Amino acid sequence: WNIEMAGAVAATTGMVEVQLRNSINSRLQTWNASQPVNDPNRTCAYTRDWLKDPAPRLRQIISPPRKRPLWQKAEPALRDELGNCAKPNPSHDDLVAALPFGSWLFILPQPQVSSPQNPRMRIWDETLKHAFTARNASEFQSANPAVIYQWANAVRHARNRASHLEPLLDPGQLIRVHRISARLMHSMNPAAASWLAGQQYIHSVLKRKPV
C-alpha cells in the first residue's frame with residue numbers, strides 16, 4: 001500500500017513540478033531577452049536562453065563568479081545508466097527539463113527575504129510574480145512570494161519522500177500534500193489545477209489504506 005501511495009504522491013507532485021518549471025522558464029525567457037545591454041564588451045542582445053546567457057541581475061543568482069552555474073545541475077539527468085553523456089549538445093529546453101526541483105526554489109525569494117533590492121526579490125517583482133497571477137482571481141490569493149515558496153517547498157519535500165519510498169502513513173499529511181499541490185497549481189494554471197484535483201490520486205489510495 002505504501003508503494004501505491006508513493007506513486008500517487010509522485011503523480012500529484014510531478015504534475016505540479018512540470019507546471020512550476022514551465023511557468024518560471026517562460027517568464028525568465030521573456031524577461032532575459034528584454035534586458036538592456038550596458039556592457040561595452042558585449043555587442044549583442046541577451047537571448048531567451050537565460051540559463052547559459054543570463055542578464056547581469058539574473059547572473060548574480062544562477063551564475064556568480066567562482067561558483068558552479070545553475071545549468072550544470074542538469075548534467076546528471078542528461079547521462080545514461082553508464083554515466084556517458086546522452087545529449088552532447090543539450091538545448092535550453094533539455095536543460096530546463098533536467099533541472100532538479102530544488103533549482104526552482106533556488107530562484108524564488110525565500111521567506112526571510114524582504115529587501116526589494118535583493119536580486120531574487122527584484123526578479124520576482126519584475127517578472128516571476130506574473131507566473132502566479134492566477135492566484136489573484138482565486139481563493140488562494142497571496143501577494144507574498146513567501147507563500148509561493150512555502151507551497152513549492154512542501155511539494156518538493158513530499159516528492160522526495162515518495163521517491164525514496166519513505167513511510168507515507170499519516171492521512172492528515174497526505175491530504176495536506178494534495179491540498180497544497182492543488183493550491184500551487186491553481187496559482188499558475190486554474191484549468192490544470194481542476195484537472196489535477198479531479199484525478200484524486202492521493203484520496204483514491206487513502207480509501208484503500210489497510211486498517
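**View 1. Gln-200 lies in the loop between helix 8 and helix 9 (201-206).** In this predicted model, the phi of Gln-200 is near 55°, a positive value in a residue other than glycine. Most residues other than glycine have a negative phi. Gln-200 counts as partly exposed, its relative accessibility being 30%.

**View 2. Leu-165 sits in the loop between helix 6 and helix 7.** Leu-165 is not a glycine, yet its phi is positive, at about 50°.

**View 3. Helix 7 packs against helix 8 with the two axes 6 Å apart.** The angle between helix 7 and helix 8 is about 155°, which means that helix 7 is roughly antiparallel to helix 8. On the helix 7 side, the contact is formed by His-178, Ser-181, Ala-182, Met-185, His-186 and Met-188. These meet Pro-190, Ala-192, Ala-193, Leu-196 and Ala-197 of helix 8. Sorted by class, the residues of the contact between helix 7 and helix 8 are 8 nonpolar, 3 polar and no charged.

**View 4. Helix 1 and helix 7 pack at an angle of about 20°.** Their axes are 10 Å apart. At this angle, helix 1 is roughly parallel to helix 7, and the crossing of the two helices is left-handed. Helix 1 contributes Met-5, Val-9, Thr-12, Thr-13, Met-15, Val-16, Gln-19, Leu-20 and Ser-23 to the contact. From helix 7 come Leu-174, Val-177, Ser-181, Leu-184, Met-185 and Met-188. The contact of helix 1 with helix 7 has 10 nonpolar, 5 polar and no charged residues.

**View 5. Helix 1 (residues 2-33) crosses helix 6 (residues 145-163) at roughly 140°.** The axes of helix 1 and helix 6 come within 9 Å. The two helices are therefore oblique to each other, since only angles over 145 degrees count as roughly antiparallel. Helix 1 passes helix 6 in a left-handed crossing. The residues of helix 1 that make the contact are Ala-6, Val-9, Ala-10, Thr-13, Val-16, Glu-17 and Leu-20. Their counterparts in helix 6 are Ala-152, Val-155, Ala-158, Arg-159 and Ala-162. By class, the contact of helix 1 with helix 6 has 9 nonpolar, 1 polar and 2 charged residues.

**View 6. The largest nonpolar core has 45 residues.** Trp-50, Phe-132 and Leu-184 are the residues with the most contacts inside this core. Elements that give two or more residues to the core include helix 2 (56-62), helix 3 (92-98), helix 4 (101-107) and helix 5 (119-126). Helix 1, helix 7 (171-188) and helix 8 (190-199) are also among them. Helix 6 gives the most, with 6 residues. Beyond its neighbours within four places in sequence, Leu-184 is in contact with Val-16, Phe-132, Ile-148, Trp-151, Ala-152 and Val-155. A second, separate core has 12 residues, including Met-5, Ala-6, Ala-158 and Val-205. In soluble globular proteins, nonpolar side chains tend to be buried together.

**View 7. Asp-125 is located in helix 5.** Its relative accessible area of 35% makes Asp-125 partly exposed. Asp-125 and Arg-42 are 83 residues apart in sequence. In space, their C-alpha atoms are 26 Å apart.

Conventions
Residues numbered from 1 in each chain as written. Predicted model: local features only at pLDDT ≥ 70, side-chain atom pairs only at ≥ 80, totals over all residues. Heavy atoms only, no water. Axes fitted to C-alpha atoms, helices over the stretch in contact; angles between N-to-C directions. Helix = DSSP H or I, 4+ residues; strand = E, 2+ residues; numbered from the N terminus. Parallel < 35°, antiparallel > 145°, perpendicular 65-115°, else oblique. Left-handed = near helix turned anticlockwise from the far one by under 90°. Contact = heavy atoms within 4.5 Å. Nonpolar A, V, L, I, M, F, W, Y, C, P; charged D, E, K, R; others polar. Core = buried A, V, L, I, M, F, W, Y, C linked by side-chain atoms within 4.5 Å. Buried < 20%, exposed > 50% of the residue type's maximum accessible area, 1.4 Å probe, protein only.
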